[in-house]
Amino acid sequence: MHQNGVAIVCVGQSGGGWAHYVGQEKLRPQAGWAPLAFALDWGRPPRQQNSTSAFYAHTDQWRYETINVADIVSPTAPEGAWDGSLIDYNVRAERMGWLPSAPQLQDNPLGVARAAQAAGMEAKDYVAQKLKSGELRMSCEDPDNPKNWPRNMFVWRSNLLGSSGKGHEYFLKHLLGTSHGVMGKDLGQEGGAKPTEVTWRDEAPQGKLDLLVTLDFRMSTTCVYSDIVLPTATWYEKNDLNTSDMHPFIHPLTSAVDPVWGAKSDWDIYKSIAKAFSRVAPEVLGVEKDVVLTPIMHDSPGEIAQALDVREWKKGEVEPIPGKTMPNVAVVERDYPNTYQRFTALGPLMEKVGNGIKGIAWQTAHEVEHLKALNGVVEDGPTKGLARIESDIDAAEVLLMLAPETNGEVAVKAWGALSKTTGRAHAHLALPKEDEKIRFRDVVAQPRKIISAPTWSGLESEKVCYNAGYTNVHELIPWRTLSGRQQLYQDHRWMLAFGEALCVYRPPVDLRTTRPLLGAKPNGEKEIVLNFITPHQKWGIHSTYTDNLMMLTLSRGGPIVWLSEVDAAKAGIVDNDWVEAFNVNGALVARAVVSQRMKEGTLFMYHAQEKIVNVPGSEMTGNRGGIHNSVTRAVLKPTHMIGGYAQQAWGFNYYGTIGTNRDEFVVVRKLAKVDWLERPHADAARGDVS
């Protein structure tokens, strides 16, 4: 099965392979974390975004798209109009309810709720009617309209502008509106074929964000470009939990010392923001109705909403029906003045509605009572009588109490819920640990092994090693696919169109990024074109710790790229020379590591190296030499946009668009002059090296 660019081998037999790794790493007690992370105890459904698509649109990378659909469509594609640009497919997917949108509607969703109420209509019917008439538009159809710009962005412990954001220079140019290294021309300047589903504006906006706030414990690339940096506690200054799907234990982080200087824990920082927001909210916001659009989700009754064909309401092929041919539409109440009170208390929905994951649900009233006894209750105010979530340890206890992986009683309930679907008894998998409830102080004393839960397809057993698909094989639990089996053949119309009905090798696509710059700005050195690849970091953990003195000592004290002896000789490069790699996306400057271990034709730059230590200027851009993502760009894949078709349906951190990979080509040459840009920026931009 193919999920988000990662091959999955799920044989369900010991020794047959351990690989349920899809999307990004996941956390073990996911069912306990989700209610806390998404405020599901107060309002459902949550508003989530598909970040790859959102950033592709809002950094305007779609305006520079060099891939034509004809480059990737199959010669055996079924009859149909397989044309347009990649963003056109993303827009169609959002309209049909396959992918989430960010933002969703061009009009304020609070205003839409009021308008629906004034019209005496349910919000879902009102939205469907107005979309059909064109009075209401989805934001994805016009991402450069100021109404649809992201205005405020809070980044929590993510190096979005460094290690994460493919197309770094486009983020700088269009999202932030600052100095950048984009050297390519957009489709308007090139006279290229423009998208058909998206409004084209001749002047691309530069600087969509009004505010960028980052919470981090180090001065990352993202922090450098932020308006406000909130210094947070490090590993030994806070209480937290550390888990992943790769590890069967729950690990704690504990506060050995208080946070130094003005730093606070993540929990305390956001609690403070919630308190300040609640204080000013009544000036403009009260208790409001919010219209929320959600995609047709995996593991929901709607996941086969479009099982027979692909038909679009926008083209008049079907009617716009929420949850069937377009996104679901729900109304969620927001009590903005009481945001802080809600942040620090477990809301009533955990008692009234319960919890669940992956299409199964169970009641949690009993666990809520335990949390009231454990954390205490709120003594007054609008959340009086609810379980408190005042401290970081309180938050950890909520997670541990609600998750089947850390509460044996919940695990038995979860397996029982699955039994109602399969018709088979599964509770025996957790019954031996039914009385086990792992507390935060338990994992502080000793890391605790998790309890088997239906969230995962392997068992936590002393007799069987964990391997994906084990319960499917041995407990006869159907795979979560259209067929209920390990499914290799995919017959969705878009899968057939793009030649991915079966697992096949697809050669790299020509992104056409080097030819326009070959010889465009000569410096007297030989230029060669190499395949740019970014393996996993060696001297850091992603971008963290790369600026540590020990790591810098091991890695030559700054950014480095690796190339073969053969290619180095062609370009007159010797080991430790300063070199520049560039294409239409941007440029980077690094020292060359010339190695016999490198394959001819490739240039390696171990990912997440940043331009914050020992980086001279770029001869191509006049700016500080870039990072590994300066020469990359996000490329969306239509087959990752499919929804409403069983396992091909969007799921948070599971199925959806990704940036594919960083398999790029760059022009490489030796720097003629190493310029440290030790002068005012305006002089550097003019190329003044005197």
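Tutor: In this predicted model, a salt bridge is a side-chain nitrogen of Lys or Arg within 4 Å of a carboxyl oxygen of Asp or Glu.

Student: D577 and K670 meet in a salt bridge; what is the N to O distance?
Tutor: With the limit at 4 Å, the side chains of D577 and K670 qualify as a pair. D577 lies in the loop between helix 21 (565-571) and strand 15, K670 lies in strand 18, and the two are 93 residues apart. The N to O distance is 3.6 Å.

Student: Is D577 buried or exposed?
Tutor: Buried means under 20% relative accessible area. K670, at 25%, is partly exposed. D577 has a relative accessibility of 13%, so D577 counts as buried.

Student: How many residues of strand 15 are buried?
Tutor: One side of strand 15 carries W578, E580 and F582, and the other carries V579, A581 and N583; both sides are covered. In a regular strand the side chains alternate between the two faces of the sheet. Strand 15 (residues 578-583) is largely enclosed by the rest of the structure, because its buried residues number six of the six.

Student: Which residue stands opposite A581 in strand 18?
Tutor: Strand 15 runs antiparallel to strand 16 (residues 586-595) over six bridges, and a hairpin of two residues joins these strands. In strand 16, A581 has L588 as its bridge partner. Strand 15 also runs antiparallel to strand 18 (residues 664-670), with four bridges. There, the residue opposite A581 is V668.

Student: How far apart in sequence are the parts that E390 and K271 tie together?
Tutor: The closest N and O atoms of E390 and K271 are 3.3 Å apart, in a salt bridge. E390 is in the loop between helix 14 (365-375) and helix 15 (392-402), whereas K271 is in helix 11 (residues 266-280). The pair therefore ties together parts of the chain whose separation in sequence is 119 residues.

Student: R334 and D290 form a salt bridge; in which strand is D290?
Tutor: The N to O distance for R334 and D290 is 3.0 Å. R334 is partly exposed at 21%, while D290 is buried at 3%. R334 belongs to strand 9 (residues 328-335), and D290, 44 residues away, belongs to strand 8 (residues 287-294).

Student: How many salt bridges does a search of the whole structure find?
Tutor: Some of them share partners: R92, R95, R137, E141, E197, E312, K314 and K315 are joined in one network. For the whole structure, the number of salt bridges found is 48.

Student: W62 and W200 form an aromatic pair; what is the angle between the planes?
Tutor: W62 is in the loop between helix 2 (51-58) and helix 3 (69-72), and W200 is in the loop between helix 9 (187-190) and strand 4 (211-216), so the pair ties together parts 138 residues apart in sequence. W62 is buried at 0%, and W200 is buried at 17%. Planes over 60 degrees apart count as edge-to-face. This pair is edge-to-face, 5.8 Å centre to centre, and the angle between its planes is 90°.

Student: Which residue lies over the face of W200?
Tutor: A charge sits over a ring if NZ of Lys or CZ of Arg is within 6 Å of the ring centre and within 35 degrees of the ring normal. At 3.9 Å from the ring centre of W200, the residue over its face is R63.

Student: How many disulfides does the structure hold?
Tutor: A disulfide needs two cysteine sulfur atoms within 2.5 Å. C223 is buried at 3%, and C503 is exposed at 59%. The number of disulfides in the structure is zero.

Terms used:
Residues are numbered from 1 along each chain as its sequence is written. This is a predicted model: local features need pLDDT of at least 70, side-chain atom pairs count only at pLDDT 80 or more; totals for chains, interfaces and linings use all residues. Side-chain values use heavy atoms; hydrogens and water are left out. Buried means under 20% relative accessible area, exposed over 50%, partly exposed in between (1.4 Å probe, protein chains only). Rings of Phe, Tyr and Trp (its six-membered ring) pair if their centres lie within 6.5 Å; planes under 30 degrees apart count as stacked, over 60 as edge-to-face and the rest as tilted. Two strands pair if DSSP finds at least two bridges between them.
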